[in-house]
Structures are given as C-alpha cells and as structure tokens.
Amino acid sequence: MNGCMQNHKRNYVFLLALALPIPCRALTIVTGPYLQNASETSMTVMWITDVPCTSWVEYGTPGTLDQKAIHSRHGLIDADQTIHRIPIEGLSPGKEYEYRVCSREILKFEAYKVTYGETITGETHKFTTLSRDKQSISFLVLNDIHQRDDLITSLIKMSASKPYDLVFLNGDILGHIEDEQQVIRHVLKPCSDLFAARIPFVWVRGNHETRGKFARMLPNYMAAPQGGYYYAFDHGPVHFIVMDGGEDKTDASSEYSGLVDFDRYRARQRVWLEKEIQTEACRKAAFRVVLIHMPPIASERWHGPTDLYNTWRPLFNAGKIDLMLSGHLHRYMVVEPEKGIRDYPMIIGGAPQAGQATVIRVDAAPDKLEITMTTDAGQVVGTYRVQRK
Ligand SMILES: [Fe+2]
C-alpha cells in the first residue's frame with residue numbers, strides 16, 4: 001500500500017468516527033441500597049454509583065418521602081465519590097419508614113464551580129428501626145460462604161417463609177480481598193438484591209477478610225457503631241456483642257509479611273469487653289448473644305483462637321453470655337456449655353460446600369432463644385433452646 005492510499009484510509013476512518021453517535025452513558029446505581037448500623041433512632045443507607053456524585057436520601061413515614069437526609073463531615077457535604085453512606089437520624093424506635101436514594105452526578109469539580117450532570121432516584125423501600133421494647137425478634141446468621149454467592153442466595157431464599165429483623169454475616173463471606181468488584185459481587189450485590197434494601201446486615205469480620213491488598217479498604221463499604229469491627233447494640237430481648245478475633249496464626253507468621261498487629265488489637269478488645277459486660281444494657285438484657293467468627297478454642301496449633309480462649313473466654317463467662325455464634329471451622333456443630341470452662345453454648349455454622357453451608361436462625365422471645373441451624377439442602381442439623389436465667 002502506498003502512502004497516498006494509507007492517508008486516504010486514515011482520513012476515511014476519522015470521518016467515520018465523527019459521523020458515529022456518541023454513546024449515551026446513564027448514571028447507574030451499581031449496587032444497593034443496603035442498610036447498615038441500625039439502631040433505635042437511626043439507620044444508615046449505603047449504595048454505590050458508577051461515577052462520582054453527591055447524594056441524599058428522601059424518607060418519611062409510610063406513604064411519605066417528605067424529609068431529606070444528607071451527610072456532611074467538618075461542614076462539607078459528601079461529594080465527588082462513588083460510595084454513598086447516609087445516616088438517617090432522629091427516628092423513633094420500632095417504627096417503619098419509607099426511603100429512596102438519590103445521587104447527582106458531578107461532571108467537573110472546580111474550586112468555585114461544580115458542574116452537575118443528571119440525577120438518579122432509586123426505588124422506594126421500607127425499613128423498621130430497632131427497639132428494645134419489641135417482645136420478640138428473629139435474626140439469621142451466615143458464615144464461611146467464601147464467595148459462593150449462590151449459597152447466600154439459596155440460604156436467604158429458604159429463610160424467606162418467616163420474617164427476620166437482621167442478618168449477621170459472621171465472617172469469611174469473602175476470601176482475601178483484592179478489589180472493590182469482589183466486595184460488590186460477593187457481598188453487597190447479592191445482599192442488596194435479596195434483603196438488604198429493607199433488612200440491615202451486620203458485618204462480623206472473619207480472618208480471611210483481613211487478607212489481601214484491599215482488606216484495609218473494607219470499612220469504606222460498611223457502617224457500624226464507632227466505625228469499627230467490635231461493638232454492641234440491642235434489639236428486643238437481646239444484647240448483641242460483635243467481636244473481631246483477627247487472624248488465626250501468630251502476628252509473626254510469614255503469611256502476614258510483618259503487616260498485622262492482632263495481639264494488641266485483641267488486647268484492646270479485651271479491655272473494651274471488660275467494660276462492655278458491666279454496662280447496664282448488657283447486665284439488664286434478657287439475653288446476651290456474642291457473634292464472633294473464630295470460636296475461642298484452645299489449640300496447640302492455632303494462636304488466634306487460643307488467645308481468645310485464654311483472654312476473652314473468662315470475660316464471656318463473667319458477663320453471663322447466653323449464646324455464642326461462630327464459624328471458621330467449616331464444620332457445623334452445637335457445642336454444649338461446660339460449667340466453669342465455657343458457661344454458654346456455641347453454635348458453629350457450616351462450610352462453603354453444597355450441603356454443608358448453613359443458615360442459623362434465632363427466634364428470641366422474652367423467656368427463651370430458639371436456635372435452628374439448617375443446611376442449604378434444607379436439612380436441619382442443629383437445634384438448641386436457651387432459657388432465660
Ligand atoms: Fe475463618
């Protein structure tokens with residue numbers, strides 16, 4: 001091909017490109033909304049858009065969306081971001097609300113002029129705030145899904161016949177975390193699509209979720225009291241204590257490349273737990289339920305669970321814990337209390353294999369907790385009743 005013909009072809013391609021319509025891209029909600037950090041007087045709504053936006057939530061009592069929630073920090077309204085986290089505050093306990101999320105695209109963010117694009121409005125959903133006065137509540141617990149989101153789908157769908165108030169994701173729902181897409185695909189999207197637009201999920205970090213280059217970004221996608229992975233809250237007759245046991249091996253293990261500090265982290269949580277079990281909310285609750293991914297079990301091989309056994313377990317006994325819900329072992333089991341060793345039963349959920357994955361359902365009434373553990377195959381593999389002491 002001579003030079004003249006090459007130039008002719010290049011010009012032709014250029015003119016063709018000019019003639020083609022520019023594809024019209026629409027602002028999109030990539031995932032969500034999903035509810036986080038529920039309390040008696042607040043609910044946090046989160047979602048993710050494909051381009052940077054500023055966002056708000058329209059909400060109100062059923063049939064109305066006459067109020068608007070925004071989020072600002074240090075006087076600045078959140079803007080130019082794709083992850084949206086809007087706490088709605090000043091709500092009443094145990095009340096139903098309607099809401100919808102709204103995001104406005106920011107095309108250009110200049111110091112003295114922000115150019116906005118289109119606005120997107122999500123569908124209307126409902127949620128109910130928590131309430132200590134609610135007589136009976138129910139909640140579900142999933143653990144060790146290890147990115148098998150088909151298992152989340154089957155376990156949640158098979159739980160749909162009876163209502164529930166909360167879903168606890170009790171660790172290792174992901175594997176090691178590499179990027180945002182993984183968090184969206186294996187946690188946020190399946191949960192949002194199945195239940196989390198109307199029922200909050202509570203994130204309990206598993207040891208695998210401390211691994212990978214994106215693990216340090218995970219708190220950006222969740223909301224919890226004080227923003228951490230250990231905290232307590234109340235709903236109905238239950239005082240929930242969520243704890244983070246960190247990793248299973250020693251901090252010096254080569255797998256962690258010198259980048260973990262879990263002994264000190266567990267020691268700080270121990271100090272927190274010592275105070276927590278003395279709070280009025282904990283002492284006066286009808287039931288105290290602990291959610292922790294790694295069960296505190298002494299073992300010559302595993303440092304993390306042994307550390308929990310030695311340092312946290314005595315406090316769980318002193319705090320008169322009624323029930324512990326765990327995972328990590330990839331083997332479902334019901335562990336009876338052992339007086340003076342572990343004064344509370346442990347229900348340990350299953351593994352990320354078909355027929356071995358479990359959903360634990362807890363129905364809490366003023367006088368008892370009824371626990372049922374069912375596999376994704378629909379087989380009940382554990383039941384337990386805790387009577388009020
Ligand atoms: Fe684990």
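These are my notebook entries on one predicted model, from the overall fold down to single side chains.

**Ground rules**

I am working with a predicted model, in which local features need pLDDT of at least 70 and side-chain atom pairs count only at pLDDT 80 or more, while totals for chains, interfaces and linings use all residues. Residues are numbered from 1 along each chain as its sequence is written, and side-chain values use heavy atoms, with hydrogens and water left out.

**Entry 1: the whole chain**

I began with the overall dimensions, and the C-alpha trace spans about 90 × 55 × 45 Å along its principal axes. I then looked up the secondary structure and found 7 helices and 21 strands, these being DSSP runs numbered from the N terminus (helices H or I, at least four residues; strands E, at least two). Of the 389 residues, 51% count as buried, where buried means under 20% relative accessible area, exposed over 50%, and partly exposed in between, with a 1.4 Å probe and protein chains only. For contacts (heavy atoms within 4.5 Å), I noted that residues 24 or more positions apart account for 68% of those with a separation of 6 or more.

The chain is divided into domain 1 (29–128) and domain 2 (137–387), with bounds that come from an automatic or database domain assignment. Their C-alpha centres lie 28 Å apart, and the contact takes 19 residues from domain 1 and 18 residues from domain 2. I looked up the buried area, meaning the accessible area (1.4 Å probe) that two parts lose on being put together, summed over both; for this pair of domains it is about 1,500 Å², with carbon and sulfur atoms giving 55%. On the domain 1 side, Tyr34, Gln36 and Asn37 supply 32% of the area buried against domain 2, more than any other three residues. I also searched this interface for salt bridges, and the rule finds 0; the rule asks for a side-chain nitrogen of Lys or Arg within 4 Å of a carboxyl oxygen of Asp or Glu.

**Entry 2: the iron ion**

Which residues are the protein donors of the iron ion? I found Asp172 (OD), Asn207 (OD1), His293 (NE2) and His328 (ND1), at 2.1 to 2.2 Å from the ion. Donors here are N, O and S atoms within 2.8 Å of the metal (3.2 Å for Na, K and Ca), and water is not among the atoms, so sites may look incomplete. The 4 donor atoms subtend angles of 89 to 177 degrees, and the arrangement is therefore irregular. For that label, four donors count as tetrahedral if all angles lie between 85 and 135 degrees; four count as square planar and six as octahedral if opposite donors are over 155 degrees apart and all others between 65 and 115; anything else is irregular.

In sequence the donor residues are spaced D-x34-N-x85-H-x34-H. Asp172 sits in the loop between β11 (166–169) and α3 (180–196), and Asn207, 35 residues apart from it, in the loop between β12 (201–203) and β13 (231–235). Asp172 is buried at 1% relative accessibility, and Asn207 is buried with a relative accessible area of 1%.

**Entry 3: salt bridges**

By the rule above, the count comes to 22 salt bridges. Glu247 and Arg211 meet in one of them at 2.5 Å, N to O, and the pair links distant parts of the chain, with Glu247 in the loop between β14 (238–243) and α4 and Arg211 in the loop between β12 and β13. Glu247 is buried at 1% relative accessibility, whereas Arg211 is partly exposed at 21%.

Asp263 and Arg266 form another, at 2.9 Å, N to O; both lie in helix α4, 3 residues apart, about one turn of the helix. Asp263 is partly exposed with a relative accessible area of 32%, while Arg266 is buried at 1%. I noted too that salt bridges that share partners join Arg211, Glu247, Asp248 and Lys249 into one network.

Trp272 lies in helix α4 (residues 262–276) and is partly exposed at 22% relative accessibility. Leaving aside residues up to four places away in sequence, Trp272 touches Tyr230, Tyr231, Ala232, Ile241 and Met243. In helix α6 (residues 303–311) the buried residues are Gly304, Pro305, Thr306, Asp307, Leu308 and Tyr309, and the buried residues of α6 pack against α4, β15 (287–292) and α7 (313–318).
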